[in-house]
Amino acid sequence: MFPERLEANALQALCRQVLAVRLVMIPLGAPLALGRTAPGAPTYLVAASVALTFLLSYALFRDWERLGPLLLRHRWLLAADMAMGALLLVTATPSSPLGLVALGTPLLSGLVYGWRGSAVFAAAQTVLVAALGGGLVLSFLCVLSGAAGSSVRDLLFRLSETRARLTAAEAVREERERLAREMHDSVSKTLHGLALAADALARTSDPAAVRAQAEQVALAARRAVGESRALLTDLRAEPVPLLPALHALDAQVRVTGAVPALPPSVARHVVAVAAEAVENVRRHAEASETLLTVSATGTHLTVSVEDDGRGLPAQLPSAGHYGVRGMRERAAAIGAALSLGPRPSGRPGTRVRLSLPLEGIR
């Protein structure tokens, strides 16, 4: 059997192309072969052989999805294909235009079975053609077609293996980038807060303040454990509601429309983009108000974060701006559009807007 489904589909397509070429060659060569045949019974015999070979080739072409796996399990079945070609060669002679039909069997054997299988069928077809007076050229073409089929099969397998390695490398790179985003947006921030709380605890002597700081440290530690567990498990469960997570952010939330539940992977990206935008407002905007707007229509979900702070710089730094980079990568991962810029009303401040198409998600 083929080791990969992709290889099976590609080889199946190639085998059908071989049969398609045969189906074209038979009608083209039949008039010339019949024209060179003696009238009477020989003509009828050639015509019957041509019709039988064409019908059986068409059956293989049409039902290759069902018959192809049988050839993989039972190699002797390809001998029936060779028998059809032999019948045509006996009646129409190998020197006729229909002699090229004999090349189909070794070519199919090379595609389906590789070098060992093609060697057997190509040798048998070569002997058969030579015995029927096919000449040196046609015999050599039988060997060459078997080698060509095997070479194409090996090339396809090597290309498939190369593609698999490249896909695996790309998956590793994407997973590293995802983990970097998740660490930046969740665990690293929680651990940073934990370190600050621990430093404050070390400098505090008042028992009540120590207790309060200790509770903050414990809370941050539990949050870090939960975020780490979420990173490790990366659950793919039922769709989850989005609004509770957005309401937990440090912003005023306004909702328009019926907000749908989203798959966990999509919801996580949406919440992380909104959380990063809110966090950037807290750290850099010097704003007095942060407004988070959620709007849902039949086709799109829009989440925007606006503030009345000092706005974005003329050009964002190219290095070290992992938060903005992470937001863009998250938006691209779920097929959403992300825009960062001044507020459209012309008032001071910044707006981060995420527009997510809902088609194909729910």
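# A guided tour of the model

Begin by selecting leucine 87, which counts as partly exposed because its relative accessibility is 33%. By the terms used here, a residue is buried under 20% relative accessible area, exposed over 50%, and partly exposed in between (1.4 Å probe, protein chains only). The structure is a predicted model, in which local features need pLDDT of at least 70 and side-chain atom pairs count only at pLDDT 80 or more, while totals for chains, interfaces and linings use all residues. Residues are numbered from 1 along each chain as its sequence is written, and side-chain values use heavy atoms, with hydrogens and water left out.

**Stop 1**

Leucine 87 belongs to helix H4, residues 78-92. Helices (H or I, at least four residues) and strands (E, at least two) are DSSP runs, numbered from the N terminus.

**Stop 2**

Next, select serine 139, which is found in helix H6, residues 135-203. Is serine 139 buried or exposed? Serine 139 is buried, since its relative accessible area is 8%. Leaving aside neighbours within four places in sequence, serine 139 is in contact with Thr126, Val129 and Ala130. Contact here means heavy atoms within 4.5 Å.

Move to phenylalanine 140, which also has its place in helix H6. Phenylalanine 140 counts as exposed because its relative accessibility is 53%. Select valine 129 as well: it is 11 residues from phenylalanine 140 along the chain, and the C-alpha atoms of the two are separated by 9.9 Å.

**Stop 2: charged pairs**

How many salt bridges does the structure hold? There are five. A salt bridge is a side-chain nitrogen of Lys or Arg within 4 Å of a carboxyl oxygen of Asp or Glu.

Select arginine 282 and glutamate 279, whose side chains meet in a salt bridge with an N to O distance of 2.5 Å. Both residues lie in helix H9, three residues apart, which is about one turn of the helix. Arginine 282 is exposed, with a relative accessible area of 55%, whereas glutamate 279 is buried, at 16%.

Follow the chain to glutamate 286, in the loop between helix H9 (264-285) and strand S2 (290-296). Glutamate 286 counts as exposed because its relative accessibility is 65%. Its phi angle is near 55 degrees, a positive value in a residue other than glycine. Glutamate 286 forms a salt bridge with arginine 310, the closest N and O atoms being 3.9 Å apart. Arginine 310 lies in the loop between strand S3 (300-307) and helix H10 (322-333), and glutamate 286 in the loop between H9 and S2, so the pair ties together parts that are 24 residues apart in sequence. Both partners are exposed.

A further pair is arginine 325 and glutamate 329, whose side chains meet in a salt bridge at 3.0 Å, N to O. These two residues are separated by about one helical turn because they are four residues apart in helix H10. Arginine 325 is partly exposed, with 46% relative accessibility, and glutamate 329 is likewise partly exposed, with a relative accessible area of 22%.

**Stop 4**

Finally, select threonine 350, which lies in strand S5, residues 350-357. Threonine 350 is buried, as its relative accessible area is 8%. Not counting residues up to four places away in sequence, the residues that threonine 350 touches include Val305, Asp307, Leu312 and Pro342.

Which way do S3 and S5 run? They run antiparallel, joined by eight bridges. Two strands pair if DSSP finds at least two bridges between them. To view this pairing, select valine 303, which stands opposite leucine 354 in S5. Strand S4, residues 337-342, also pairs with S5 in the antiparallel sense, over six bridges. There, alanine 337 stands opposite serine 355 in S5.
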